[in-house]
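Follow the aromatic rings through this fold. The sequence and model come next.

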Amino acid sequence: MIDCEYVIDVLYTDLDSRYGGVYRLRIAGDPDWSMVFDSLKDCYKKIAFFSSKYHIGRPIKITENYMEAA
């Protein structure tokens, strides 16, 4: 059983940069909580921070959700 699922919504990526873009980090099932980052690396750093503080020894899941361009 997964205790927490983090979802990274990839809203925009900069093709000239490996990590640049706009990324929204949210917790699945919690519509009121989200954070926006300009690098994928920063999203994973924040997930590592939250996991080490709140989910020690518990399973987590990370999903990258690529949004389609409008």
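Is Y54 buried, partly exposed or exposed? Y54 is partly exposed, with a relative accessible area of 47%. Here buried means under 20% relative accessible area, exposed means over 50%, and partly exposed lies in between (1.4 Å probe, protein chains only).

The model is predicted: local features need pLDDT of at least 70, side-chain atom pairs count only at pLDDT 80 or more, and totals for chains, interfaces and linings use all residues. Residues are numbered from 1 along each chain as its sequence is written, and side-chain values use heavy atoms, with hydrogens and water left out.

Now the rings. Three aromatic pairs turn up in a search of the whole structure. Rings of Phe, Tyr and Trp (its six-membered ring) pair if their centres lie within 6.5 Å; planes under 30 degrees apart count as stacked, over 60 as edge-to-face and the rest as tilted.

Take W33 and F50. Their ring centres are 5.6 Å apart and their planes stand at 70°, so this pair is edge-to-face. W33 sits in the loop between β2 (20-27) and β3 (34-39), while F50 belongs to helix α1 (residues 40-54), so the pair ties together parts 17 residues apart in sequence. Helices (H or I, at least four residues) and strands (E, at least two) are DSSP runs, numbered from the N terminus. W33 is partly exposed at 24% relative accessible area. F50 is buried at 14%.

F50 also pairs with Y54. The centres are 6.1 Å apart and the planes at 35°, so that pair is tilted. F50 and Y54 are four residues apart in helix α1, about one helical turn. Ring pairs link W33, F49, F50 and Y54 into a cluster.
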